[in-house]
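Dear colleague,

Please find below the structure that I am handing over to you.

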Amino acid sequence: MTVSELVAFDYRTAFELAPVGLVLSRQRLMVDCNRELLAMFRAERDQLIGRSFEILYPTADEFERTGQRIAAQLDSAGRYADERVMRRLADAAGTREGELFWCHVSGRAIDPSQPHAAGIWAFEDLSSKRALKYELTPREREIAALLIEGLTSKRIGLKLAISPRTVDVYRARLMRKYGASTTPELVNKLLTV
């Protein structure tokens, strides 16, 4: 084996056996992924490679809004991270809808001036630490994720391009669903299984 073959083998092995899900992307299409990602999303390689990330989102709107947020919020090195609700694939027979779960996503655009041209993304399944106890709307999921980050209504409104008052309405809905009387209590309930 040549040195370049050995180096390529070592990098490929590290990619495949990484303890988090990894995806290489171009124009929001998955061009490669590792075993951990396939297991996390209950997918086969041919179900993901060449496909849009959209199939891993609860709704098409959430996919679009997340893409807009990523493009707007990359740091100068092209990095982005958040926690969001993702969707596992349905079973092969299509007899059940894909399960929703909390996921930490971090990554980097190869060229920060072209956020979706090419990137590498890591996915960590948080479902063992945080369960979705109630049926949440797409907007409730987004707001819950940003509340967990400790953002105020004003900051959440800026990130989602909605008014702080609209954020407060969704926060109140979440508080009712989770039986919380304060925002810290709500965040605590969102963070616990």
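The notes below cover a helix, the cysteines and the strand pairing.

This is a predicted model, in which local features need pLDDT of at least 70 and side-chain atom pairs count only at pLDDT 80 or more, while totals for chains, interfaces and linings use all residues. Residues are numbered from 1 along each chain as its sequence is written, and side-chain values use heavy atoms, with hydrogens and water left out.

Helices (H or I, at least four residues) and strands (E, at least two) are DSSP runs, numbered from the N terminus. Helix 5, residues 138-148, is mostly covered, with 10 of its 11 residues buried; buried means under 20% relative accessible area, exposed over 50% and partly exposed in between (1.4 Å probe, protein chains only). Among these buried residues are R139, E142 and L147. They pack against elements including helix 4 (60-73), strand 3 (79-87) and strand 4 (100-109). Just after helix 5, G150 takes a positive phi of about 90°.

The structure holds 0 disulfides, a disulfide being a pair of cysteine sulfur atoms within 2.5 Å. C33 is in no disulfide, because the closest cysteine sulfur to that of C103 is in C33, 13 Å away and too far for a bond. C33 is buried, with a relative accessible area of 0%, and C103 is likewise buried at 0%.

Two strands pair if DSSP finds at least two bridges between them. Strands 3 and 4 pair in the antiparallel sense over 9 bridges, and V85 has W102 in strand 4 as its bridge partner. Strand 4 also runs antiparallel to strand 5 (residues 118-125), joined by 7 bridges; V105 stands opposite F123 in strand 5.

With kind regards

Terms used
Contact = heavy atoms within 4.5 Å.
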